Amino acid sequence: MTSNGESPEQLTLLRDTVRKSRTKEPAGITTTLPVARIAVDVSLPHLDRPFDYLVPDDLAAAAQPGARVKVRFAGKDLAGYVLERLDASDHDGKLARLRKVVSPERVLTPEVADLCRAVADRYAGVLADVTRLAVPPRHAKVEGEALRCDQPARPPKSTSRSEWAPYPAGFLDAISRAESPRAVWTAVPGADWALAFAQAAAVCAASGRGALLLAPDARDLERLAAACKSVLGETGFVTLSADLGPTARYRAFLAAVRGCARVVIGTRAAAFAPVADLGFVAMWDDGDESYAEPRAPYPHAREVLLLRAFRQQCAALLGGYARSAEAAALLESGFAHELIADRTAIRAAAPAVHIAGESDIDLARDPGARAARLPHRAFEIARDGLRTGPVLVQVPRAGYLPSLVCQTCRAPSRCTTCGGTLRRTGGSGPASCSMCGRPATDHRCPECGDTRMRAAVIGARRTAEELGRAFPGVVVRTSGGDNMLDVVSDAPALIVSTPGAEPVAEGGYSAALLLDTWLMLSRPDLRAPEEAVRRWFNAAALVRPASSGGTVILVGDPSALPLQAIVRWSPEGYAAREIEDRRTARLAPAAKLAELTGPGESVNDLITRLRDTIPPSAGLEVLGPVDVDDETVRAVVRTPRPQGPTLVRSLKDAQSARTTKKNPGTVRIQVDPPTFG
């Protein structure tokens, strides 16, 4: 039996019925639940609601909730999904008939349909856009394959909780009792997060419920799949990812919707996976930019999972070596609790972390330690590390957009009014804010007082070649871009990697050099410090413990708070400070923001509608608009967090009013954008 109740034989019979119905004369209307409520695939905001249609008798068996159908809408045949069957409609006019059932496969389950509606409302979007993200395109050949899922689910191969030994046992105990705890998990350095996820999923599966696990990219997903295979068995889970390709992805999707396994793993595309009797959702490294959906309405996978946890009353876990501001906000609100090891266990697992030039001894031996790209101490640590194993060298990747930094201390230059990054669009004239557009005519660096600014360097130098000359005879390998390494051996070598492309070393790295830290902090994005800290924690966590000689050195300003967070190995402390800074600056997640991008006239029209509909008590603020190019502007609107639903609802209403009147120009609305500045 599938998770929707049909056997494979019944599905085959329904498909035959659908094919035969297309050649017959129109049938009468069924007397059993004759009305089908349909989510029509139309993306206009003012039509974002279900529509009722009559169900012909010959389609009644196949037109069940979740099935794909065709309906006549505005003179065209459009696709849609059956949301529910009703005895009667509340529509006063005449109802049209269903044109056909494309497939009786019930691909949009009621739980996922409810989630899609919640996501659309959360992001001022429309249901049709979200269902395109949730349900992959149909492949009829795949639906006809003999995919049988009528065997009882096998128990997990292992019920070990070894990876959870350093943490309080209450979280997994609650899952085993079919309860719904929610936690933010800060993993100890070097933890095998994939195995920990697989073990947690096994606990959930053993209780008879399903689990959904997300990884940020294909490399991490492959690691998670290997762990799940060892714990759950070959058939104990389903992998769902857009990287599988259209056919393989739809095959995996059908396996999930038919209930072939209790556990589904995947990347961002799996956030809407139709897991039967969902009891546990988990995400690793929720701050990774890969989780942000680039298609409308631009939902973040973290928010999708949290909505699922709330609406389906299941357990939720956000895990990482670092901690995002959004995760810190969940702890602050009481929605989740902290899952972290004690300081003794953390210190035992962490490498020794230093900043070049942090001590007077460093400066005495190397007066240029704070300015050099590879100070003498970093050189010594790399040389010593190569005696016992591989050394990781992290350099910022090419492609960072230029922004302005202090000429003297290289601190990022920011607007004194709103905190946005400063930029200079022309060769002369004062710099201006990228957020509010105000000129920075009297800018002075708050760190050193210098009034001069310079552009940050774009990209990284040819670090691999430089290190090859500095360490003759040592193997130098690079990882990044199209040349990504997954695993390296424990043999001595220099591994030069861009952030996020660091391969795992067998036995851990003996040392890590984190270069050009100022460059990562100077990105024109208000989230740049948080992102830099996340990247540094992820790299440093790959290094052996200090007791085994593992050492990390950061090349940058010793007084910079992001660097100090790595030295103290305190991701939770930095996240708490970050959320406080966000509150002061009135930025997400402490405030509700939306970015409006489009033609200037259209953006101004939308802002005017917002000001007319949102009461003054809601605290609406408008930043900009500022020019993006000759034809496009960008504005940011925000309210205090409690007024967020009012802002989102007003944005949706304003868009609906514009499309109803067919106003020219399209405005792109992105609620709580992942990058900002």
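Two strands are said to pair if DSSP finds at least two bridges between them. The elements themselves are also DSSP runs, helices being runs of H or I with at least four residues and strands being runs of E with at least two, and both are numbered from the N terminus. The model is a predicted one, in which local features need pLDDT of at least 70 and side-chain atom pairs count only at pLDDT 80 or more, while totals for chains, interfaces and linings use all residues. Residues are numbered from 1 along each chain as its sequence is written, and side-chain values use heavy atoms, with hydrogens and water left out.

Taken as a whole, the protein has 20 helices and 28 strands. Of its 677 residues, 55% are buried, where buried means under 20% relative accessible area, exposed means over 50%, and partly exposed lies in between, with a 1.4 Å probe and protein chains only. The protein exposes about 28,700 Å², of which carbon and sulfur atoms supply 51%; such areas come from the Shrake-Rupley method with a 1.4 Å probe, and for residues only the protein chains shown count as cover. If contact is taken to mean heavy atoms within 4.5 Å, then among contacts between residues at least 6 apart in sequence, 74% join residues at least 24 apart.

Five bridges join β26 to β27 (residues 633-640) in the antiparallel sense, and Val626 stands opposite Arg634 in β27.

How many of the residues of β25 are buried? In this strand (residues 591-598), eight of its eight residues are buried, and they cover both of its faces, with Ala591, Leu593, Glu595 and Thr597 on one side and Lys592, Ala594, Leu596 and Gly598 on the other. β25 pairs with β27 over eight antiparallel bridges, and the bridge partner of Ala591 in β27 is Pro640. Four bridges join β25 to β28, again in the antiparallel sense, and there Leu596 stands opposite Ile669.

Another open sheet has five strands in the order β2-β1-β4-β3-β5, also with antiparallel pairing. Its edge strands are β2 (51-54) and β5 (98-103), each of which pairs on one side only, and the twist from one strand to the next averages 45°. Within this sheet, β3 (residues 68-73) and β4 (residues 76-86) pair over six antiparallel bridges, and Arg68 stands opposite Tyr81 in β4.

We turn next to a helix. In α14 (residues 463-470), Thr463, Ala464 and Leu467 are buried. These residues cover an arc of only 95° around the axis, which puts them on the same side of α14; the arc is that of the directions from the helix axis to the C-beta atoms. The buried residues of α14 pack against β14 (391-394), β19 (476-479) and β21 (494-497). Ser479 lies in β19 and counts as buried at 3% relative accessibility. Apart from neighbours within four places in sequence, Ser479 is in contact with Met484, Leu485, Val496, Ser497, Thr498, Ala501 and Pro503.

Pro297 lies in the loop between β10 (278-284) and α9 (301-311), and this residue is buried, with a relative accessible area of 4%. Leaving aside neighbours within four places in sequence, the contacts of Pro297 are Tyr123, Gly125, Asp129, Val130 and Leu133. Although Pro297 and Arg668 are 371 residues apart along the chain, their C-alpha atoms are separated by 9.0 Å.

A search of the whole structure finds zero disulfides, a disulfide being a pair of cysteine sulfur atoms within 2.5 Å. For Cys204, which is in no disulfide, the nearest cysteine sulfur is that of Cys314, 8.3 Å away. Cys204 is buried with a relative accessible area of 0%, and Cys228 is likewise buried at 0%.

Note on methods. Axes are lines fitted to C-alpha atoms, for helices over the stretch in contact, and angles run from 0 to 180 degrees between N-to-C directions.
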